[in-house]
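Subject: Structure for your files

Hello,

Please find the structure below. My notes on it follow.

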Amino acid sequence: MRWHTEKIDFSSGTLQLHAMIYLPKGEGRFPGAVMCHGVASDHRSMRPSAQQLARRGCVALTLDLRGHGKSDGTLDSDIGRDVIAAVEILRNHAKVNGERIALVGHSMGAVASLYAATVADDIKALVLLSLPAEMDGFMGFWSPMYAKAERIGTTILEFPRLGPLPFIGWLNKLTFRFWMWIRGYKMRIDIRQDTESWAALNSSDNIAKINDTPKLFMHCKGDKWLPYEKTVELYEKAKIPKEMVLLEGGFHVTPLLPGKPRESWISW
C-alpha cells in the first residue's frame with residue numbers, strides 16, 4: 001500500500017467535524033487537497049478518489065460536512081466555513097506543503113469549495129464536479145417536509161430515517177433512500193433556516209470572484225438533477241485559467257466512479 005490514513009476531528013466554529021487524511025508514503029512535504037462530498041452522503045463517497053490522489057503523491061483530506069456522517073450540527077449555509085477550516089488543518093499538517101493546496105468538490109461539496117476559494121488564501125487549483133448554479137432557493141425544496149415536521153414535533157429532520165429526500169423524482173427518491181441505507185449515510189437539516197442565507201453560496205456569483213486559480217469543471221450531459229447547460233454558463237462566466245469536461249450521457253455521480261472521467265480530473 002502506497003498510502004496510510006489518519007482520523008481527525010477538528011472545529012468549525014462551535015461544531016466538531018470528522019475527517020480522514022490520506023497520506024502518501026514518504027517524508028513529504030506533499031501537495032494537499034480538501035475533498036468535499038455532495039448532499040446526503042459523507043466523507044466515504046470521496047474515499048476512492050482520495051486514495052488515488054494519495055497514490056500519486058498528494059495528501060487528501062475528506063470530511064463530513066456539518067449535519068452529515070459523524071460531524072456535529074445540521075446542514076446549513078455555513079458549509080463553506082467547514083471547507084475553510086479543513087484547509088487550515090491541511091496547511092498546518094507536518095507532511096503538507098501549505099503553499100500547494102487544492103479544493104475538490106462534488107455537487108453541494110463543489111458549491112462549498114467554490115465559496116471557500118473566494119475566502120481562503122492562495123488556493124492552487126479548484127475541481128468542480130457536477131456543480132449547482134444556484135443555492136438561494138435551496139430551502140424551498142424542503143417545503144413538502146413541513147407537515148411531517150409539525151406532526152413529529154421537531155424541525156430537525158434526519159434522513160433516510162424520515163423518508164426520501166423531497167426534491168428529487170419519485171424513482172430517484174426510492175433508489176436514493178435505498179442507497180443511503182446501504183451506505184450508512186445520514187444527514188440532518190433544520191428546515192427553519194432562512195432561505196435567503198443560502199444566497200452567499202450561489203455559484204454564479206462566486207465564480208466571478210475567482211481570478212488566477214486554475215479551475216476544472218466536469219459535468220454529465222445525462223445529469224437529470226442538475227442540467228449541464230447551467231454549468232456551461234458558469235464556465236463561460238469564469239475567468240481564465242479554466243477548463244471544462246462535458247461527458248456524454250452519465251449521471252450525477254459519474255465523476256466520482258471508477259473510469260476515465262475520474263481518472264481525467266485526478267490527473268489534471
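P160 sits in the loop between β7 (156-159) and α5. Helices here are DSSP runs of H or I with at least four residues, strands are runs of E with at least two, and both are numbered from the N terminus. The peptide bond between F159 and P160 is cis, with omega at about 10°.

This is a predicted model, in which local features need pLDDT of at least 70 and side-chain atom pairs count only at pLDDT 80 or more, while totals for chains, interfaces and linings use all residues. Residues are numbered from 1 along each chain as its sequence is written, and side-chain values use heavy atoms, with hydrogens and water left out.

Backbone

A cis peptide bond also joins G28 and R29, with omega about 15°. R29 belongs to the loop between β2 (15-24) and β3 (30-36).

Two serines have positive phi. For S107, phi is near 55°; this residue lies in the loop between β5 (96-106) and α3 (108-119). S107 counts as buried because its relative accessibility is 8%, where buried means under 20% relative accessible area, exposed over 50%, and partly exposed in between (1.4 Å probe, protein chains only). S130 has a phi of about 55° and is placed in the loop between β6 (125-129) and α4 (146-152). S130 is buried too, with a relative accessible area of 0%.

Surface

Patches are made of residues with over 30% relative accessible area and no salt bridge; like charges are joined within 9 Å, and nonpolar side chains (Val, Leu, Ile, Met, Phe, Trp, Tyr) within 5 Å. A salt bridge is a side-chain nitrogen of Lys or Arg within 4 Å of a carboxyl oxygen of Asp or Glu. Areas come from the Shrake-Rupley method with a 1.4 Å probe, and for residues only the protein chains shown count as cover.

W170, L171 and L174 make a nonpolar surface patch of about 400 Å². W170 is in helix α5 (residues 170-183) and counts as exposed because its relative accessibility is 66%.

A negative surface patch consists of E134, D136, D194, E196, D205, E229, E233 and E236. Asp and Glu count as negative and Lys and Arg as positive, with His and the chain ends not counted; a charge is placed at NZ of Lys, CZ of Arg, CG of Asp or CD of Glu. Helix α7 (residues 228-237) contributes the largest share of the negative patch, 3 residues. E196 lies in the loop between β8 (187-190) and α6 (203-206) and is exposed, at 64% relative accessible area.

Regards
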